[in-house]
Amino acid sequence: MIIIALTLIWGSSFIMLKRVLEVFSPPQVFSGRMMSATLVLLPFALREVLRIPRNKWPPLIAFAFLANLFTTLLYATAQSRIDSALNGMINTLTPLMTMVAGVAFYRQKVKNMQVVGLLIGVAGAVILVLQTGAGKISGVNAFAMVAVLATICNGMTVNIVKFNLSGLSVMQLSSVSFLIISPLALGYGIYSGFSHWHLAVRRGFMLWG
């Protein structure tokens, strides 16, 4: 039931992302998402930040940048030019990229059936990358490639959690990783200016109203 709920939440996020991008730019989406999550999890982050072992900080920082900065920006950038359905389908390549990253960086062993699955996944990735926004096969879709790059980041984060951060709790991973990225998100929010955000929010209410 938890996996089903997670699937529904994760899948619906691509539809919501498409609507948000009607108003905000991809960097603004990153800033808004990161700051919102940081504010919600801030009480937990302040409690957990001092409990992180010193040797866990380097992989935790790498996890924070891959999972929260790069993946968020890449998905938002791709979503600005491709369909939400296509973006969601490309996201299903994450297990494939997780296996590839595990083999490449952590020397994980793969079975013969996994190799077969890898080849099928690569074939599927090629088809998705060659699709246009209307779902037709055309030349290489550069923005689909951006979404594929986001799945590579996702695959790397899964391996970092498994091999480097296994001793940390879920709350430590989530709350502290958002806290790490929050200065960048806050900096961009200040750089973009309050008046610009105010106009964007007003335009969003007009579009969705």
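This report describes the fold, the surface and the aromatic pairs of a predicted protein model.

Local features in this predicted model need pLDDT of at least 70 and side-chain atom pairs count only at pLDDT 80 or more, while totals for chains, interfaces and linings use all residues. Residues are numbered from 1 along each chain as its sequence is written, and side-chain values use heavy atoms, with hydrogens and water left out.

**Fold and surface**

The protein contains 9 helices and 0 strands, where helices (H or I, at least four residues) and strands (E, at least two) are DSSP runs numbered from the N terminus; along the sequence the pattern reads α-α-α-α-α-α-α-α-α. Of the 209 residues, 38% count as buried, a class that means under 20% relative accessible area, with exposed set at over 50% and partly exposed in between (1.4 Å probe, protein chains only). Taking contacts (heavy atoms within 4.5 Å) between residues at least 6 apart in sequence, 84% join residues at least 24 apart.

The protein exposes about 12200 Å², of which carbon and sulfur atoms supply 73%; accessible areas come from the Shrake-Rupley method with a 1.4 Å probe, and for residues only the protein chains shown count as cover. On this surface, Val-103, Val-110, Val-115 and Leu-119 form a nonpolar patch with about 310 Å² of accessible area together. Patches are made of residues with over 30% relative accessible area and no salt bridge, in which like charges are joined within 9 Å and nonpolar side chains (Val, Leu, Ile, Met, Phe, Trp, Tyr) within 5 Å; a salt bridge is a side-chain nitrogen of Lys or Arg within 4 Å of a carboxyl oxygen of Asp or Glu.

**Aromatic pairs**

A search of the whole structure finds 3 aromatic pairs, for which rings of Phe, Tyr and Trp (its six-membered ring) must have centres within 6.5 Å, planes under 30 degrees apart counting as stacked, over 60 as edge-to-face and the rest as tilted. Phe-65 and Phe-70 form a tilted pair, at 6.3 Å centre to centre and 50 degrees between the planes. The rings of Tyr-106 and Phe-163 have centres 4.5 Å apart and planes at 10 degrees, so this pair is stacked. Because Tyr-106 lies in helix α5 (residues 94-106) and Phe-163 in helix α7 (residues 142-164), the pair ties together parts that are 57 residues apart in sequence.

| Residue | Relative accessible area and class |
|---|---|
| Phe-65 | 27%, partly exposed |
| Phe-70 | 37%, partly exposed |
| Tyr-106 | 28%, partly exposed |
| Phe-163 | 34%, partly exposed |
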